[in-house]
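Here are my notes for someone opening this one for the first time. Have a look around before reading on.

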Amino acid sequence: MLKEKFPDLFLRLKENLAYYAGESVLGENELNPKHHIQTVLRLGALELLANIYSGRITASDKDPFPHQLALQQYLKNHESRIKRILIADEVGLGKTIEVALILRDKLITQKDDFRCLYLTSGGLTEDVKEKLRSVIKDSGDSIISVVDSFREYGDGISQKGIWIASMHAARRYLDSSDKRDLPKGVKPNIIIIDECHHCASNADLNGDSVESAIDTTQAYKAAYQMLIGKFWKESEPPELVILMSATPFRSANQFTNLLRLLTHQTALKNAYTKDVGKKQLLAAISADDSPVTVIWRQQDEIRNWSDKRLFPKLTIVRPHREGEPTLEKTDEEYLSTLEKIKRTVQRIYRDHNDSFGGFATAHLETRLTSSSLAGACWLFRWCVRHHPKWQNDRMYKADTSDDTKQLRKLIREISKRLAEFDEDREIEYAKEVIFPSDGNFCFTSRNLGEGNIPAIYEFQKKLLEKVKQNKDQDDDEDTDLEATIEEILELSELALNLLTSGRSVENAKLNWLKAMLEAHPDSRFLVFTEVLQTTAIVTATFHNQSLSLTGGMSADERKEVVKKFYDRTKNYRILVATSAADEGLDFQVANKVVHWDISPDPAVLMQRNGRVARLGQISEVTAYYLILEGTLAEKRDTALLERLTKAGVTEPRMQLKILGQLDNKQQEKITSAIKDDGVDMGSVDQILKAAKQYSDVMETELRKLNEKLKPVEVLDREKLLKRLKILHDLKVTEYDYYRHKLAFEAKEWQRPVFGEEKTEMESAVSEVLAIQNKNNKKDRFNFDPEFALFSQEKNLKGLAGLLPWYIKESEGGTKEHRPLLGNDPIGSLTQSLARQRQADFIAVPTQNLCERFPNFKGCSYLLFATHPLRELERNKSSDSAKYLTYYIFTTDFSQPVNPDGASAIEVHEMITFLEEQIFQGVVSLSSEVIAQAKSAGRDISKWVQDSLSIGGGDFLDDESSYFVPIPVALVAIVDESLEVKEF
């Protein structure tokens, strides 16, 4: 078959004839000017392919930015060394995209054995899938899939590809008894843990067992077991682990224990022994040959490809004391009711020899100031939870005591109050009153129509089961307090009063939001609340303009909500979200963040602001803290702001960062120092001073560990556009197997310019390529690197890059990842040109070359070569080009002048020069010069063969030495001048 189809190749193999550089052109009887053109086209195409696989030019919805590409290139250059990495980039820098670029590289090199487990928060699995797919295109769920049931991972589903699972589900399988439900032999070679701040330990793990450690999250223990290969039976440690979080730790112990997780069994044999502390951990990571690396970059440091700011300024406004419109003053009757509720709850706990401290009080006030409904629901839940236990349903139904009657009345009044916000209601009760933290327990209008409301008994049963299963997560600090009839009556009566007096809370905040909508008609608002009942109030009030996103939604429902909010053709200007939107989701379509309730956790405030103040935002971002005057929250906020300002900390992000370092005990002390009759400034200053010092120390430590990354030179869209224009001018259709036709257009749009104080919009014009294939299908590509990010235009085509992938199953049942052809016209054009025959020789005049490159004086030939195993080559310089380079030879062909090869910049400059020469003309060579070139090609090829090194006994092992240059074109530097030839 080979003999008949390729007789020349058959003869060459039979006679063992090696290819020499330039042979396919020089072997012809007569040189054709088109050979020079084909050689230039081929070299340009090979450079594009080299850049496609380096990451800058990708078939992505978004181009990687310099900081993202720098991380991807760093990991690629050091992939044999780095085993553990912490990506601690600030909120909004696109960590998921960075990981997608890394995984795309791994997919190329490990396509037949690519097993990645990506762990994230349960509600973010679908969002992560979409972000990964924006970089790694796949067909259906062939490469990237979501794990529906964690215990099926590795059993009912294949381990190959990228599987996204919930860390919340994984942490349930820590004990050996639970692991019985897990399959054996699960061995992901890559594990990614997103939002790794949930993997936290405040314990002193110096010499202690991780599995039995107290004050350590289940997520930390699950991560530890996975990293040492003990989570599944017959498992093994993964080859690469990536931890990701913008706020990876909150205390000194958390920081140290995160370093232990990174270094254990990698940089250190055992990072949990008594003789290993923070000093030893830092030293292990800082070592030059450390398998652990830390990446930590801030928004202010990040620039685009034009070295301009990428992020808008974030401003924080407190409407109760600044800005327009202002938040109405709090009603005195409500403040009185609020204080009475707090004092009553505290007294009840004292009477039962228990405590209800400052942090718990602040948590209660958050509910009370969110809305009257939220406060009433909290009090109803507390009363049901601490009511003497009903032993069974019959006992409950027979209960006619005053306190039980009052509870029945209270839940009905809550439902009636909620129903007032529903203009479409048909009955006096709301359709449902939901308690999301209790498994979304629901009181329906039907329940409330039943005389004794049996659902109250079911609710208590649910609450007590929850306490029994997981005491440390109960809202009431694990107390077993059993309230008296009088206490239940007192609190439920206060809850009824709250429903009346608390209307001013809803009205003040709702009126403010109405005024904001009128004052900012072009803005969209992301409203965060801690309470589901408040979500219902806001969405009911603005029902034609608002959407809600809550934890009880399915992945498809959440996706549909986000899609509607982004659709500028619709009038949805408000998205009301609970903690379900705290992490992972992107809402750059909004530019106003409203903290309806102020979370007591500053790290949560940072995460929420970061949903809007992130890559892709085109407007100034303002965060509004809706704090009611006269409340504990206002006193606390005012005191902290004053003390931080006095200490010289005025930047909002830095203020939140310092406050985020406070642990629960410090938060409790600050709350206790802020009393009704004043503030103990000395105590507050002392705590903040310690927090600032710790924040400064942690920042210093991170800066020491942080790798200084800078992207290696690769082609950008501007250079790609220039190359494609050259192809057009060289009539590329004649040389392209697929017969693509190229044309160029212009696109006008508005580009944001981020200044120190404000963002302005400027008119921009981007060039667009219209490319048509032989079937007359036409695609358009925009060449501005920021167009896809900021233009908000839909259905953009990605540029040249990796094709979509699918799974091909062979006859033996083996599954392999393969590219899906035909979906990338620029990539197809490039591949067609790179495969041309008779495209491996060109001659250039010495004078022209030396005018452009004076250092080339005395040189005779250049050899362009590809390096398919460049990552494994140990004798390359850090500046040498990826995949395509060239070597310079004088008349001594035994060794090139530049044994490491040319850099990427030098390669691009040389190919650009050759392209320019083609437009001026081609060199007409004498038979003598052609004979000399043939001889030189053979001698240079001998150097290639003598230099070739492909490792030891095991091909492609990490320990061996490689040097594998593959000749692709010979450039002769001759004394002849250019002649203009018709072609």
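1. First, the ground rules. This is a predicted model, where local features need pLDDT of at least 70, side-chain atom pairs count only at pLDDT 80 or more, and totals for chains, interfaces and linings use all residues. Residues are numbered from 1 along each chain as its sequence is written, and side-chain values use heavy atoms, with hydrogens and water left out.

2. The whole chain. You'll find 33 helices and 30 strands in the protein chain; helices (H or I, at least four residues) and strands (E, at least two) are DSSP runs, numbered from the N terminus. Of its 983 residues, 56% count as buried, where buried means under 20% relative accessible area, exposed over 50%, and partly exposed in between (1.4 Å probe, protein chains only). Take the contacts (heavy atoms within 4.5 Å) between residues at least 6 apart in sequence: 73% of them join residues at least 24 apart.

3. H9 and H10. Two packed helices are described by the angle between their axes and the distance between the axes. For helix H9 (residues 218–227) and helix H10 (residues 252–263), the axes come within 10 Å and cross at roughly 20 degrees. Axes here are lines fitted to C-alpha atoms, for helices over the stretch in contact, and angles run from 0 to 180 degrees between N-to-C directions. H9 and H10 are therefore roughly parallel; the cut-offs are under 35 degrees for roughly parallel, over 145 for roughly antiparallel, 65 to 115 for roughly perpendicular, and oblique for the rest. H9 passes H10 in a left-handed crossing, meaning the near helix is turned anticlockwise from the far one by less than a right angle (clockwise would be right-handed). On the H9 side the contact uses Tyr220, Ala223, Tyr224 and Leu227, and on the H10 side Asn257, Arg260 and Leu261. By class these are 5 nonpolar, 1 polar and 1 charged. Ala, Val, Leu, Ile, Met, Phe, Trp, Tyr, Cys and Pro count as nonpolar, Asp, Glu, Lys and Arg as charged, and the others, Gly among them, as polar.

4. H10 again, now with H11. The axes of H10 and helix H11 (residues 278–286) come within 10 Å and cross at roughly 45 degrees, so this pair is oblique. The crossing is left-handed. H10 brings Phe255, Thr256, Leu259, Arg260 and Thr263, while H11 brings Lys278, Leu281, Leu282 and Ile285. That contact has 5 nonpolar, 2 polar and 2 charged residues.

5. H16 and H19. Helix H16 (residues 402–419) and helix H19 (residues 485–501) have axes that come within 9 Å and cross at roughly 20 degrees, which makes them roughly parallel. Their crossing is left-handed. Among the residues that meet are Leu407, Leu410 and Ile414 in H16 and Ile488, Leu489 and Leu496 in H19. The contact divides into 9 nonpolar, 2 polar and 6 charged residues.

6. Lys466. This residue is in helix H18 (residues 455–469) and is partly exposed, with a relative accessible area of 22%. Lys466 and Asp438 are 28 residues apart along the chain, and their C-alpha atoms are separated by 7.8 Å.
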